[in-house]
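This report describes the packing of one protein chain.

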Amino acid sequence: MMSRGILIDLFSTGEFHECMEMFHHSLVHDNPILANSVAQFIFMWTDDTSLDPYDVGVVERRILQHLTEQLIKADEVRFSKKKCPLAQEYEYLESKEIH
(Lines give C-alpha, C1' and ligand atoms only; values in the text may rest on other atoms or scores of the structure.)
Protein backbone atom coordinates (compact mmCIF):
# COMPACT_ATOMS: atom_id res chain seq x y z
CA MET A 1 0.00 0.00 0.00
CA MET A 2 1.15 3.53 -0.71
CA SER A 3 2.13 5.86 2.10
CA ARG A 4 -0.07 8.88 2.72
CA GLY A 5 2.74 11.20 1.64
CA ILE A 6 2.96 9.43 -1.70
CA LEU A 7 -0.82 9.70 -2.03
CA ILE A 8 -0.68 13.44 -1.40
CA ASP A 9 1.97 13.71 -4.13
CA LEU A 10 -0.22 11.64 -6.45
CA PHE A 11 -3.14 14.04 -6.13
CA SER A 12 -0.88 17.09 -6.23
CA THR A 13 0.33 16.23 -9.74
CA GLY A 14 -3.17 16.91 -11.07
CA GLU A 15 -3.10 13.91 -13.40
CA PHE A 16 -5.39 10.91 -13.39
CA HIS A 17 -3.99 7.51 -12.39
CA GLU A 18 -5.66 4.10 -12.37
CA CYS A 19 -4.70 3.56 -8.72
CA MET A 20 -7.07 6.41 -7.77
CA GLU A 21 -9.90 3.92 -8.24
CA MET A 22 -8.47 1.96 -5.31
CA PHE A 23 -8.58 4.99 -2.98
CA HIS A 24 -10.58 4.08 0.13
CA HIS A 25 -12.21 6.42 2.62
CA SER A 26 -10.41 4.75 5.53
CA LEU A 27 -7.20 6.45 4.36
CA VAL A 28 -8.53 9.88 5.27
CA HIS A 29 -10.61 9.34 8.42
CA ASP A 30 -7.88 10.96 10.48
CA ASN A 31 -5.89 12.69 7.77
CA PRO A 32 -7.37 16.07 6.85
CA ILE A 33 -4.26 16.97 4.83
CA LEU A 34 -4.70 14.01 2.49
CA ALA A 35 -8.45 14.65 2.33
CA ASN A 36 -7.74 18.25 1.33
CA SER A 37 -5.36 17.07 -1.42
CA VAL A 38 -8.05 14.79 -2.80
CA ALA A 39 -10.67 17.55 -2.60
CA GLN A 40 -8.38 20.04 -4.35
CA PHE A 41 -7.81 17.50 -7.11
CA ILE A 42 -11.58 17.07 -7.56
CA PHE A 43 -12.18 20.83 -7.55
CA MET A 44 -9.40 21.37 -10.07
CA TRP A 45 -11.15 19.09 -12.55
CA THR A 46 -14.76 20.00 -11.83
CA ASP A 47 -14.57 23.76 -11.27
CA ASP A 48 -12.33 24.68 -14.19
CA THR A 49 -14.68 26.39 -16.63
CA SER A 50 -11.90 26.68 -19.21
CA LEU A 51 -11.92 22.92 -19.73
CA ASP A 52 -13.65 21.50 -22.73
CA PRO A 53 -16.19 18.88 -21.53
CA TYR A 54 -14.37 16.39 -23.73
CA ASP A 55 -11.15 16.91 -21.75
CA VAL A 56 -12.58 14.66 -19.05
CA GLY A 57 -13.44 11.24 -20.41
CA VAL A 58 -15.62 8.48 -19.02
CA VAL A 59 -12.81 6.90 -17.01
CA GLU A 60 -11.81 10.25 -15.53
CA ARG A 61 -15.41 11.02 -14.59
CA ARG A 62 -15.67 7.63 -12.92
CA ILE A 63 -12.53 8.36 -10.89
CA LEU A 64 -13.85 11.79 -9.86
CA GLN A 65 -17.16 10.23 -8.81
CA HIS A 66 -15.36 7.53 -6.83
CA LEU A 67 -13.13 10.04 -5.04
CA THR A 68 -16.11 12.24 -4.19
CA GLU A 69 -18.02 9.27 -2.80
CA GLN A 70 -15.03 8.24 -0.68
CA LEU A 71 -14.70 11.73 0.84
CA ILE A 72 -18.42 11.72 1.64
CA LYS A 73 -18.13 8.27 3.22
CA ALA A 74 -15.12 9.41 5.30
CA ASP A 75 -17.16 12.30 6.70
CA GLU A 76 -20.08 9.96 7.41
CA VAL A 77 -17.76 7.73 9.44
CA ARG A 78 -16.39 10.78 11.25
CA PHE A 79 -19.92 12.01 12.03
CA SER A 80 -20.78 8.60 13.47
CA LYS A 81 -17.79 9.02 15.81
CA LYS A 82 -18.88 12.58 16.76
CA LYS A 83 -15.96 14.19 14.88
CA CYS A 84 -16.15 17.32 12.76
CA PRO A 85 -15.97 17.13 8.95
CA LEU A 86 -12.53 16.77 7.42
CA ALA A 87 -12.69 20.19 5.75
CA GLN A 88 -13.41 21.81 9.10
CA GLU A 89 -10.56 19.92 10.78
CA TYR A 90 -8.23 21.02 7.98
CA GLU A 91 -9.17 24.64 8.63
CA TYR A 92 -8.20 24.19 12.29
CA LEU A 93 -4.69 22.91 11.44
CA GLU A 94 -1.96 25.33 12.37
CA SER A 95 0.41 23.67 9.91
CA LYS A 96 -1.89 23.93 6.87
CA GLU A 97 0.04 26.92 5.56
CA ILE A 98 2.95 24.65 4.62
CA HIS A 99 0.77 22.13 2.77
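## The largest pocket

How much space lies in the largest pocket? About 290 Å³ of space lies there. A pocket is an open set of points, on a 1 Å grid over the protein atoms alone, where a 1.4 Å probe fits, with protein on both sides within 12 Å along at least five of seven lines; lining residues have an atom within 4 Å of a point. Grid points are joined across faces, edges and corners, and the volume is the space filled by probe spheres set on the points.

The lining of the largest pocket comprises 14 residues, and those closest to the centre are Ala35, Ala39, Phe43, Leu71 and Ala87. Helix 2, helix 3 and helix 4 (86-92) each give two or more residues to this lining, with helix 2 giving the most, 7 residues. By class, the lining holds 9 nonpolar, 3 polar and 2 charged residues. Here Ala, Val, Leu, Ile, Met, Phe, Trp, Tyr, Cys and Pro count as nonpolar, Asp, Glu, Lys and Arg as charged, and the others, Gly among them, as polar.

## Basis of the model

This is a predicted model, in which local features need pLDDT of at least 70 and side-chain atom pairs count only at pLDDT 80 or more, while totals for chains, interfaces and linings use all residues. Residues are numbered from 1 along each chain as its sequence is written, and side-chain values use heavy atoms, with hydrogens and water left out. Helices are DSSP runs (H or I, at least four residues), numbered from the N terminus.

## The nonpolar core

The largest nonpolar core has 21 residues; Phe11, Met20, Phe23, Val28, Leu34, Val38 and Leu67 have the most contacts inside it. Such a core is a set of buried Ala, Val, Leu, Ile, Met, Phe, Trp, Tyr and Cys residues joined through side-chain atoms within 4.5 Å. Buried means under 20% relative accessible area (1.4 Å probe, protein chains only). Helix 1, helix 2 and helix 3 each supply at least two residues of this core, and the largest share, 6 residues, comes from helix 2.

Contact means heavy atoms within 4.5 Å. Leaving aside neighbours within four places in sequence, Val28 is in contact with Phe23, Leu34, Ala35, Leu71, Ala74 and Leu86.

## Aromatic pairs

The structure holds 4 aromatic pairs. The rings of Phe11 and Phe41 are edge-to-face, because their centres are 5.7 Å apart and their planes at 65 degrees. This pair joins helix 1 (residues 4-12) to helix 2 (residues 32-46), across 30 residues, and both Phe11 and Phe41 are buried. Phe16 and Trp45 form a tilted pair, with 4.8 Å between centres and 50 degrees between planes. Rings of Phe, Tyr and Trp (its six-membered ring) pair if their centres lie within 6.5 Å; planes under 30 degrees apart count as stacked, over 60 as edge-to-face and the rest as tilted.

Ring pairs link Phe11, Phe16, Phe23, Phe41 and Trp45 into a cluster.

Leu64 lies in helix 3 and is buried, with a relative accessible area of 7%. Beyond four places in sequence, Leu64 is in contact with Phe16, Phe41, Ile42, Trp45, Thr46 and Val56.

Arg78 also belongs to helix 3 (residues 58-80). Is Arg78 buried or exposed? Arg78 is buried, at 2% relative accessible area. Not counting residues up to four places away in sequence, Arg78 touches His29, Asp30, Lys83, Cys84, Pro85, Leu86 and Glu89.

Technical notes: Buried means under 20% relative accessible area, exposed over 50%, partly exposed in between (1.4 Å probe, protein chains only).
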